[in-house]
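This report looks at charged side chains and how they pair. Keep the structure in view while reading.

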Amino acid sequence: MSTVKYFISTITLSFIMSVLFLGCTEKKNEAAAEESSNLVHPEEWRAIKPLPLDPAIEAQIDEILPKLTLEQKVGQVIQADSESITPEEVKKYRIGSVLSGGNSAPGPLSYSDTKSWLEMADKYYNASIDAEGVEIAIPCIWGIDAVHGHANLRGAIIFPHNVGLGAMNNPDLIEQIAAVTAHELTVSGHDWTFAPTLALPQDTRWGRSYEGFSEDTTIVKAYAPRVVYGLQGHLGEADFMGDGRVISSAKHFLADGATEKGVDQGDALISEAELRNIHAAGYYGAIPAGVQTVMASFSSWQGRKLHGDKELLTDVLKGRLGFNGFVVGDWNGHGQVNGCTNTDCPQALNAGLDMYMAPDSWRGLYESTLKHVKSGTIPMARLDDAVRRILRVKLASGIFTKGAPSTRKNAGDESLLGLPKNRAIARQAVRESLVLLKNNNNVLPIDPTKTILVVGDGAESISKACGGWTLSWQGTGHTNDEFPNGASILDGIREAVDEAGGKVIYSANADVNVAADIVIAIYGEDPYAEFQGDRENLDFVPNGFDVKTLADFKSKGIPVVSVFLSGRPFWTNPEINNSEAFIAAWLPGSEGGGISDLLFQRDPSYDFTGRLSFSWTSTAVASADAEPLFKLGYGLSYNDRSTIDNLSEDSGLGNIAAVSTGEFFIKGAPVAPWEIWLRSGDLNKQIASFPSSVGGLIVSKTDHHAQEDALRLKWTKPDQNQLQISASSPSDMARQANGAMELAFFAKSFAANSVVQIGMCNPDTDCNLTLDINIEATDWREYRISLSCFASLGVDMTKISSAFMIKAGEGTDIGLSNIRLGSDLDAKPGCDGN
């Protein structure tokens with residue numbers, strides 16, 4: 001009995017303790033939830049007095065709203081991408097807006113000409129105002145990312161990206177640039193640009209850093225209203241939304257430049273004070289200037305997705321900051337809100353989003369939103385408020401009275417693109433954005449009567465000078481003939497030297513042996529956009545040009561002037577050491593002559609006036625504690641006599657290679673931490689030397705671009721033995737899979753065409769989830785497989801232990817080289833390797 005009593009007593013005590021523990025836990029969770037919900041204190045944000053509403057416009061809205069059907073109202077809060085919606089569907093669903101994403105354009109290309117853009121603009125507009133079946137029809141507005149000029153329109157001017165414009169620190173010029181952009185947008189019939197970007201990037205590993213003007217609030221706040229004025233005109237004045245003006249959008253609200261480790265769409269784990277005092281700075285300039293729309297950020301703050309954050313979108317932005325325009329989402333950003341999908345998210349609208357950006361999910365989202373309004377999940381008052389805000393912006397823009405896009409001033413007149421006076425503005429912006437970091441022995445300005453050797457792949461490529469968001473989303477793969485109103489940096493150099501009677505010798509790879517007085521080396525980052533440019537460190541990894549050649553020139557006593565093209569500061573100590581002069585040229589755009597203006601001081605009034613709007617790192621390891629090599633505001637002029645001594649070439653990375661580049665097997669060797677393994681049944685063998693074999697798979701070396709820079713794989717038995725490129729710790733590639741990245745490699749078959757199985761593997765799996773790829777026998781060619789294809793097979797992309805696996809049948813004999821992740825050139829999933 002005593003044992004039973006003890007047992008019962010123990011159970012009773014355990015039960016009581018469990019109840020008490022659960023009660024305490026519940027109270028703790030409730031307290032945590034309460035604390036989380038009170039993280040935002042709107043009353044602590046500096047209030048902005050709301051701009052006065054136009055009584056005439058408000059009266060028109062009062063007249064229109066009762067005439068709209070519920071279906072029309074729901075249509076107004078949805079924006080679809082032009083690749084995914086027809087004009088007939090715009091009419092049927094009464095869609096409020098159409099956008100063209102970075103790769104969306106009429107015709108087969110990712111950009112188009114004036115005529116094609118304008119024809120499509122007319123079709124969408126005319127469909128939207130067709131009043132069949134409704135009492136009143138609401139015109140749709142067409143938006144696009146004209147973030148450094150109208151860069152998806154053939155012949156438009158491409159300005160320097162914001163990272164360079166911040167360095168020029170010229171608010172008057174930034175307004176002129178915005179006005180030119182608006183002018184060229186009206187030529188193609190667009191109503192709205194998703195600019196300005198008001199991010200303050202604090203960690204330049206972020207792939208969108210070049211979209212920010214500065215890490216400094218002073219520059220961003222000063223620029224914000226001037227961009228708005230340039231695009232829209234001045235609220236309350238005759239030029240507001242007049243001829244040559246477009247709707248602007250401040251983005252991305254809020255703190256997209258503060259995410260941990262610079263991860264795109266990541267989490268900003270910062271205090272509310274930092275959120276308020278630093279990252280809201282630009283909005284304190286843009287909102288009083290009358291910016292008509294604000295775009296919500298993909299990112300989170302303290303774990304809260306901004307698309308679903310009512311306290312920030314409604315209480316702060318619309319309340320405390322007095323914003324009375326409308327809030328638009330980012331590309332399916334609503335689908336990332338907790339409990340939401342791309343096609344179903346009442347939470348975002350209830351939080352304060354007014355227009356969903358639902359590029360390819362618009363139809364399902366329309367249907368679910370309509371259902372949620374009917375059920376009361378979305379209150380009618382919230383829907384009416386969103387529609388009122390959208391109508392307010394549309395009426396203020398004049399869209400109801402401007403007529404079809406083709407009938408408006410400037411429309412269709414290609415002669416208005418690239419006007420000489422506007423190209424002069426762009427060229428001035430290039431000059432003023434250049435930051436001279438080093439000028440030992442005052443090698444600059446260069447005497448143009450000398451013999452000048454120009455090297456580097458950035459010299460001739462306008463595309464490389466423009467960067468991402470140029471002609472296409474990622475900005476890759478474009479030739480100079482696609483920039484009819486542009487000039488390369490090499491063009492500018494030749495113009496200056498020919499005029500002076502000197503001589504230019506150009507060798508992209510520096511593979512000539514000539515007697516030159518000076519070398520101008522033009523190199524840097526290849527184009528990218530958004531998260532595809534995210535990095536884990538800031539070590540500049542050369543692409544397109546071997547910077548080791550700079551040391552050869554230095555050893556010969558030939559001074560080198562480096563023109564460094566990049567979307568952010570990099571650890572470039574070796575390149576700086578091998579250069580007498582080093583210019584941070586950022587991404588200067590389509591007016592390459594602006595660089596030659598300062599290389600040769602083509603006018604006595606010209607000088608280097610650009611100053612760093614981002615501090616320049618002294619180490620490749622991102623560290624807030626590290627003293628910068630060049631501080632915010634640094635920059636030399638011609639007459640400065642400072643000398644930069646040899647810099648340390650210790651990157652701070654130790655023995656860890658730059659693993660964030662997405663490279664797995666390059667130049668005949670695996671890139672750490674990746675290793676080559678052969679697997680046959682239960683037998684695993686790491687390759688230490690060549691040739692090597694396991695089971696019926698023999699691996700040796702062969703030549704592709706260089707001696708033994710590729711693998712040769714020969715299967716001699718029926719068993720499909722595997723080669724894997726693996727790492728001991730799994731890598732999370734989910735963001736890459738969600739964002740149009742591809743597994744890319746070069747291959748050829750040494751026999752007949754051969755079908756192989758390609759996979760990406762998780763730990764403790766047999767790599768059974770594979771895709772059949774036909775390797776051609778003709779010659780080496782590139783194969784590209786969208787990462788989303790592996791995700792669709794069921795591969796867990798958050799835990800990739802083998803980034804590349806290949807197996808094949810008996811008799812297969814192929815070569816492999818340059819295995820890496822690459823940007824999807826057309827952002828359309830391809831699973832067959834083509």
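## Salt bridges in the model

A search of the whole structure finds 38 salt bridges. The model is a predicted one. Side chains of opposite charge can pair when their charged atoms come close.

Start with Glu 175 and Arg 226. They form a salt bridge, with the closest N and O atoms 2.6 Å apart. Glu 175 sits in helix α7 (residues 171–187) and Arg 226 in helix α8 (residues 217–232), so this pair ties together parts that are 51 residues apart in sequence. Glu 175 counts as buried because its relative accessibility is 18%, and buried means under 20%. Arg 226, at 22% relative accessibility, counts as partly exposed.

Next come Glu 742 and Arg 784. Their side chains meet in a salt bridge at 2.4 Å, N to O. Glu 742 belongs to strand β26 (residues 741–749) and Arg 784 to strand β29 (residues 781–786), so the pair ties together parts that are 42 residues apart in sequence. Glu 742 has 5% relative accessibility and counts as buried. Arg 784 counts as buried too, at 12% relative accessibility.

A further pair is Glu 211 with Arg 208, which form a salt bridge. Glu 211 and Arg 208 are both buried.

| Glu 175 | Arg 226 | 2.6 Å |

Which residues are linked in a network of salt bridges? They are Arg 427, Arg 431, Glu 495, Glu 499, Asp 597 and Arg 602.

Notes:
Residues are numbered from 1 along each chain as its sequence is written. This is a predicted model: local features need pLDDT of at least 70, side-chain atom pairs count only at pLDDT 80 or more; totals for chains, interfaces and linings use all residues. Side-chain values use heavy atoms; hydrogens and water are left out. A salt bridge is a side-chain nitrogen of Lys or Arg within 4 Å of a carboxyl oxygen of Asp or Glu. Helices (H or I, at least four residues) and strands (E, at least two) are DSSP runs, numbered from the N terminus. Buried means under 20% relative accessible area, exposed over 50%, partly exposed in between (1.4 Å probe, protein chains only).
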